[in-house]
Amino acid sequence: MLTFTSYTVENVRDPFGILSGKRYEFVVNLDVPEDDELYEENGVSARVIVKVEEEETSIISYDLLETTTGRILDFDMEEDEEAALVLFCKEHLPA
């Protein structure tokens, strides 16, 4: 199971007002065990675009990155990991 160690969050602006709901970009640093296929010596981060509409929060897209280089990793999270990530983002939305 992944552990989320730190994060940043920014509001994604919609200058034309064409998107429904609000969008946020999270960059979440992950603590990945060495025996996990996602493990990278230089660390792993997730760049996540989250949509908040009414009371529903969902992930629009995400990329897994090698933290120090920003190189995109060709892996997807498992369903339970995605669920944990969306819950983490929901709990850390800006006020």
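**Close-up 1. Aromatic pairs in the predicted model.** In this predicted model, the structure holds three aromatic pairs. One of them joins Y7 and F26 in a tilted arrangement, with 6.2 Å centre to centre and 35 degrees between the planes. This pair links distant parts of the chain, since Y7 lies in strand β1 (residues 3-12) and F26 in strand β2, 19 residues apart. Y7 counts as partly exposed because its relative accessibility is 35%, whereas F26, at 0% relative accessibility, counts as buried.

**Close-up 2. The pair of Y7 and F88.** Y7 also forms an aromatic pair with F88 that is edge-to-face, at 5.4 Å centre to centre and with 85 degrees between the planes. Here too the pair links distant parts of the chain, with Y7 in strand β1 and F88 in helix α1, 81 residues apart. F88 has a relative accessibility of 11% and therefore counts as buried.

**Close-up 3. The aromatic cluster.** The residues F4, Y7, F26 and F88 form one aromatic cluster.

**Close-up 4. The largest nonpolar core.** The largest nonpolar core has 20 residues, and those with the most contacts inside it are L30, V48, L64, M77 and L85. Two or more residues are given to this core by each of the elements β2 (22-31), β3 (44-53), β4 (56-66) and α1 (79-91), and β3 gives the most, with five residues.

**Close-up 5. Surroundings of L64.** When neighbours within four places in sequence are left aside, L64 is in contact with L30, L38, S45, A46, R71, I72, L73, F75 and M77. Of these partners, L30 and M77 are, like L64 itself, among the residues with the most contacts inside the largest nonpolar core.

Notes:
Residues are numbered from 1 along each chain as its sequence is written. This is a predicted model: local features need pLDDT of at least 70, side-chain atom pairs count only at pLDDT 80 or more; totals for chains, interfaces and linings use all residues. Side-chain values use heavy atoms; hydrogens and water are left out. A nonpolar core is a set of buried Ala, Val, Leu, Ile, Met, Phe, Trp, Tyr and Cys residues joined through side-chain atoms within 4.5 Å. Buried means under 20% relative accessible area, exposed over 50%, partly exposed in between (1.4 Å probe, protein chains only). Helices (H or I, at least four residues) and strands (E, at least two) are DSSP runs, numbered from the N terminus. Contact means heavy atoms within 4.5 Å. Rings of Phe, Tyr and Trp (its six-membered ring) pair if their centres lie within 6.5 Å; planes under 30 degrees apart count as stacked, over 60 as edge-to-face and the rest as tilted.
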